[in-house]
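Please look at the sequence and the structure before reading on.

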Amino acid sequence: MRALMFVLGAMAAIFHAAVSLASVSEPLVFDHRAVSVIDGASFKVGDTIYHLAGVALPEQRQTCDHDGTPKRCERAAAAELRKLIELQASPIHCFDHSGAGHLSTACFLNDRELSILLLESGYVAARPGAPLHYVAAER
């Protein structure tokens with residue numbers, strides 16, 4: 001009986017994974033020149049605003065002591081996102097990860113997720129309740 005329950009559980013997990021993979025849509029692809037950075041966690045292309053998955057903006061007027069130089073975190077985060085996009089000069093591939101009451105997009109630049117790059121920079125924090133890979137990337 002125990003073996004049967006294990007097999008049924010494994011089959012359910014495989015089915016769930018297959019359904020999840022099947023529901024992944026094609027990425028939205030943007031030329032880096034079409035992107036207008038709004039802040040350290042979102043950007044605009046045309047009339048649409050994209051919020052990066054897993055990232056929470058610092059509070060306004062919060063200062064960060066980054067590399068020994070105090071800076072306003074929200075401005076530094078926006079500058080870092082702008083720099084990442086402009087320096088790579090590569091297309092940005094985004095996947096919609098909206099759900100659970102928030103709109104979010106996982107965007108990749110040269111196979112690296114922008115949210116992870118920003119978290120590693122130390123200018124943004126992981127959003128409360130974000131998946132563990134975002135929390136682990138926080139500096």
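How many helices and strands are there in the protein chain? There are 4 helices and 11 strands. Helices (H or I, at least four residues) and strands (E, at least two) are DSSP runs, numbered from the N terminus.

## Basis of the model

This is a predicted model, in which local features need pLDDT of at least 70 and side-chain atom pairs count only at pLDDT 80 or more, while totals for chains, interfaces and linings use all residues. Residues are numbered from 1 along each chain as its sequence is written, and side-chain values use heavy atoms, with hydrogens and water left out.

## Confidence

The term pLDDT is the predictor's confidence in each residue, from 0 to 100. The protein chain has an average pLDDT of 77, and 77% of the residues score at least 70. Confidence is lowest in helix H1 (residues 2-22), with a mean of 39, and highest in S10, with 94.

A contact means heavy atoms within 4.5 Å. Where pLDDT is low, the predicted coordinates should not be read in detail.

## The chain as a whole

Of the 139 residues in the protein chain, 35% are buried. Buried means under 20% relative accessible area, exposed means over 50%, and partly exposed is in between (1.4 Å probe, protein chains only). The protein chain exposes about 8800 Å², and carbon and sulfur atoms supply 59% of this area. Accessible areas come from the Shrake-Rupley method with a 1.4 Å probe; for residues, only the protein chains shown count as cover.

Contacts can also be sorted by separation in sequence. Among those in the protein chain between residues at least 6 apart in sequence, 49% join residues at least 24 apart.

## The disulfide

The structure holds 1 disulfide, a term for a pair of cysteine sulfur atoms within 2.5 Å. Which residues form a disulfide? The partners are Cys 94 and Cys 107, with their sulfur atoms 2.2 Å apart. Cys 94 belongs to strand S8 (residues 92-96) and Cys 107 to strand S9 (residues 105-109), so the pair ties together parts that are 13 residues apart in sequence.

The angle about the S-S bond is 115°, and the link of Cys 94 and Cys 107 is right-handed. Both Cys 94 and Cys 107 are buried.

## Aromatic rings

A search of the whole structure finds 4 aromatic pairs. Rings of Phe, Tyr and Trp (its six-membered ring) pair if their centres lie within 6.5 Å; planes under 30 degrees apart count as stacked, over 60 as edge-to-face and the rest as tilted. One of the pairs is Phe 30 with Tyr 50: the ring centres are 5.1 Å apart and the planes are at 55°, so this pair is tilted. Phe 30 is in strand S1 (residues 28-30) and Tyr 50 is in strand S4 (residues 48-51), so the pair ties together parts that are 20 residues apart in sequence.

Phe 30 and Tyr 50 are both buried. The rings of Phe 43 and Tyr 50 have centres 5.5 Å apart and planes at 25°, so this pair is stacked. Ring pairs link Phe 30, Phe 43 and Tyr 50 into a cluster. Relative accessibility is 0% for Phe 43, which counts as buried, and Tyr 50 is buried at 12%.

## Helix H2 and its end

Helix H2 (residues 73-88) has 16 residues. From its first C-alpha to its last, H2 reaches 22 Å, close to the 22 Å expected at 1.5 Å a residue. The expected span of a helix is 1.5 Å times one less than its number of residues. The buried residues of H2 include Cys 73, Leu 81, Leu 84 and Ile 85. After H2 comes Ala 89, with a positive phi near 50°.

## Loops and positive phi

Most residues other than glycine have a negative phi. Asn 110 is in the loop between S9 and strand S10 (112-113). Asp 111 is also in the loop between S9 and S10. Its phi is positive, about 65°, although Asp 111 is not a glycine. Asp 111 is exposed, with a relative accessible area of 76%.

Glu 59 sits in the loop between strand S5 (55-56) and strand S6 (63-66). Glu 59 is exposed, at a relative accessible area of 62%. The C-alpha atoms of Glu 59 and Arg 72 are separated by 9.5 Å, and the two residues are 13 residues apart along the chain.
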